[in-house]
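Me: I'm new to reading protein models. Could you walk me through this one with a few questions and answers?

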Amino acid sequence: MTLDPQPLAPAVAAAEAAGWTTVRLDLDGVRSKAELMRRCRGALRLPEYFGENWDALADALRDLSWLPDAAGRLVAVTSWRAYAAARPGDWETLREILEEAVDFWREGDGAGLTVLLAEPEPERKPEPGPEEKPRPGPAAGATPRTPRLKRRRG
């Protein structure tokens with residue numbers, strides 16, 4: 001279920017190319033169960049009758065009828081580590097619900113459900129300018145140069 005440390009973008013692109021519905025559940029800044037439920041409602045596009053509790057979330061993930069028909073479904077949970085550290089009990093419950101939903105859809109005949117736990121894509125560093133490029137050093141494996149010592153003449 002964890003994609004880490006692989007980048008998320010290629011997995012999402014491959015799922016979309018295969019005709020899957022992809023959803024990103026970003027937990028950045030989530031500090032409470034109530035906020036988690038609001039994020040789930042928005043990200044998963046849950047219906048209005050979603051009750052914002054664990055049972056309602058489990059039921060909603062077993063009935064994905066509000067999502068468009070697709071060959072498969074991918075839920076990418078990102079920025080989850082801070083939430084997992086701050087609320088380990090809630091995180092464990094969320095993980096169990098996600099795993100049960102994946103198992104439920106795996107046993108069915110229709111489109112499956114895949115959940116990935118990933119971190120956001122790292123920001124790319126810009127290429128260094130010509131003045132910022134490092135100077136070439138000794139080649140790897142080369143014998144280090146020893147500084148020449150001047151003899152002291154007394």
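Predicted model: local features only at pLDDT ≥ 70, side-chain atom pairs only at ≥ 80, totals over all residues.

Me: Let's begin with the whole chain. What pattern do the helices and strands follow along the sequence?

Reply: The chain has five helices and three strands. Walk through them in sequence order and you get the pattern α-β-α-α-β-α-α-β.

Me: How much of the chain is made up of buried residues?

Reply: A residue goes in the buried group when its relative accessible area is under 20%. The chain has 154 residues, and the buried share of them is 34%.

Me: Now Thr22. Is it buried or exposed?

Reply: Thr22 sits in strand β1, which covers residues 21-26. Its relative accessibility is 17%, and the cut-off for buried is under 20%. So Thr22 counts as buried.

Me: Which residue's side chain has a polar contact with the side chain of Thr22?

Reply: Set aside the neighbours within four places in sequence, and Thr22 is in contact with Val12, Ala15, Glu16, Arg45 and Leu74. One of these also makes a polar contact of 2.7 Å, side chain to side chain, with Thr22: Glu16.

Me: What about Ser79, is it buried or exposed?

Reply: Ser79 lies in the loop between β2 (72-78) and α4 (81-86). Its phi is near 55°, a positive value in a residue other than glycine. With a relative accessible area of 12%, Ser79 is buried.

Me: How far apart are the C-alpha atoms of Ser79 and Leu27?

Reply: The side chain of Ser79 has a polar contact of 3.2 Å with the side chain of Asp26. Ser79 and Leu27 are 52 residues apart along the chain, yet the separation of their C-alpha atoms is 5.2 Å.

Me: And how does Glu52 count by accessibility?

Reply: Glu52 is in the loop between α2 (33-43) and α3 (54-62). Phi of Glu52 is near 55°, which is positive in a residue other than glycine. The relative accessibility of Glu52 is 31%, so Glu52 counts as partly exposed.

Me: Last topic: α3 and α5. Are they roughly parallel or roughly antiparallel?

Reply: The axes of α3 and α5 (residues 88-107) come within 9 Å and cross at roughly 25°. Angles under 35 degrees count as roughly parallel. Therefore α3 and α5 are roughly parallel.

Me: How many residues of the contact of α3 with α5 are nonpolar?

Reply: The contact is made by residues including Trp54 and Leu57 of α3, and Leu94 and Phe104 of α5. Its residues include one polar and three charged, and the nonpolar ones number ten.

Terms used:
Residues numbered from 1 in each chain as written. Heavy atoms only, no water. Helix = DSSP H or I, 4+ residues; strand = E, 2+ residues; numbered from the N terminus. Buried < 20%, exposed > 50% of the residue type's maximum accessible area, 1.4 Å probe, protein only. Polar contact = N/O pair within 3.5 Å; in protein donor to acceptor, adjacent residues only side chain to side chain. Contact = heavy atoms within 4.5 Å. Axes fitted to C-alpha atoms, helices over the stretch in contact; angles between N-to-C directions. Parallel < 35°, antiparallel > 145°, perpendicular 65-115°, else oblique. Nonpolar A, V, L, I, M, F, W, Y, C, P; charged D, E, K, R; others polar.
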